[in-house]
Structure formats: C-alpha cells, structure tokens
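Here are my notes for a colleague who is new to this entry. Please read them with the model open.

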Amino acid sequence: MAVIDKRYADALLEIAISEDKCEAYLEEAVVLLKVLSENEELQSIYINPKITLEEKLSLTDSCFGGSFSADIVGLISLIVKNGRSAFLVKIFECFVAGVKEYLKIATVEVVSADTLKESQLKALEEKILATTDYKSIDMKLTVDRSLIGGLKVRIGDRIIDNTIKTKLDNMAKSLRQVNLRKDG
C-alpha cells in the first residue's frame, strides 16, 4: 500500500483506538467502501478538477454528514482538501485492514469445488481460530468447480491448497520429472 494510504488510515485508526470506536468505525468504513464502489459517479466527482473544492466539501457533508461519524466525515473532507481524492477508496481499504488486524479479525478467502455446508464452515472456522491468534473470522467464499474437490484457503499471505486439482498437477509434475531422469 502506498505511504499516502497508510498515513491517513493510521491517523483514523489511532483516533478509533483512543476513543474505543474501532468496531463502529470499521462498520462505517465498510459501508462507505460499498457506497463508493456502487457509485462510480460519486468517485468521479471527487477527482474531477472542474468541480470546486467547496462543491466537493458540500457534497461530502450532504452525502455522509448525517450517516457517518464526525471523524469519518472529517477524514473524507481532509482527503478532499489535500487533493488526495483519488486515494479515497485505498485509504479506507487500508483503514479496514488496519482495524481488522488490531481487532484480530482474519480475512479468510475460501475456494471450494462445491458449496460448503454450514457444519463444514463452522469446523473450518474453529480450526483456523484454534491454530492462529485471530479472535474472529471474516470469511469470503467462492466456488470453483475446476478444483474437483478439496479447499484452497488464504489467510493473509498464507495459502493452504488441499485441492484435488493441485494434487493431480503435482503428481503429473513428479511423473514428468521421473520420466526426464529416465530419458537423461
């Protein structure tokens, strides 16, 4: 992440921690990111040089003033005032990641060959919590039928790939290496 993203995000994180509002600000940041991702027009207004700073600040206040905390709206306004509107989404993504790290919430991406049952999800969550320092999990599920069976789990930089497709690919690779040694 860029230094700019991290500086703004860290400033808000410090405020959230000192005021014991991490969970509340996390919820607001997630909603804000959803609003921004669903409204590309809003993002384009913020980065449009033809729209004045006053208009952008007025837009910020009217769009977010009544629905978000003063600190969140204040950060958006500061970002706009400092001409960093193009980084708005990245800053709040960085903030969300920072809060989750502080609160020990793991973002886990699970790819399976078929839809997992509730009992399987619960068992997976329990296993992750038992083997890591995380206190809770934010799980994102994806189905990829090409995996044939098994799971691919990503927790941060760690990837656990226990899919049949990967096992078959590894077996094929090993067989090719054996054949190369025989031929060589």
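1. First, a term. Helices (H or I, at least four residues) and strands (E, at least two) are DSSP runs, numbered from the N terminus. This is a predicted model, in which local features need pLDDT of at least 70, side-chain atom pairs count only at pLDDT 80 or more, and totals for chains, interfaces and linings use all residues. Residues are numbered from 1 along each chain as its sequence is written, and side-chain values use heavy atoms, with hydrogens and water left out.

2. A salt bridge here is a side-chain nitrogen of Lys or Arg within 4 Å of a carboxyl oxygen of Asp or Glu. Asp169 and Lys165 form one, at 3.3 Å from N to O. They sit four residues apart in H8 (residues 164-183), so about one helical turn separates them. Asp169 is partly exposed, at 40% relative accessibility. Lys165 is partly exposed too, with a relative accessible area of 32%. On this scale, buried means under 20% relative accessible area, exposed over 50%, and partly exposed in between (1.4 Å probe, protein chains only).

3. The structure holds seven salt bridges. Side chains of opposite charge can pair when their charged atoms come close. One of the seven joins Lys90 and Glu93. Their closest N and O atoms are 3.8 Å apart. Lys90 is partly exposed at 47%, and Glu93 is partly exposed at 35%.

4. Glu19 and Lys21 also pair through their side chains, at 3.5 Å from N to O. Glu19 has a relative accessible area of 37%. For Lys21 the value is 35%.

5. Now the interior. A nonpolar core is a set of buried Ala, Val, Leu, Ile, Met, Phe, Trp, Tyr and Cys residues joined through side-chain atoms within 4.5 Å. The largest one has 32 residues. Those with the most contacts inside it include Leu32, Tyr46, Phe64 and Phe95. Helices H1 (3-18), H2 (22-38), H3 (40-47), H4 (53-64), H5 (70-81) and H6 (88-103) each give two or more residues to this core. The largest share, eight residues, comes from H6.

6. Which residues does Phe64 touch, leaving aside its neighbours within four places in sequence? Its contacts (heavy atoms within 4.5 Å) are Leu32, Val35, Leu42, Tyr46, Val73 and Ile76.
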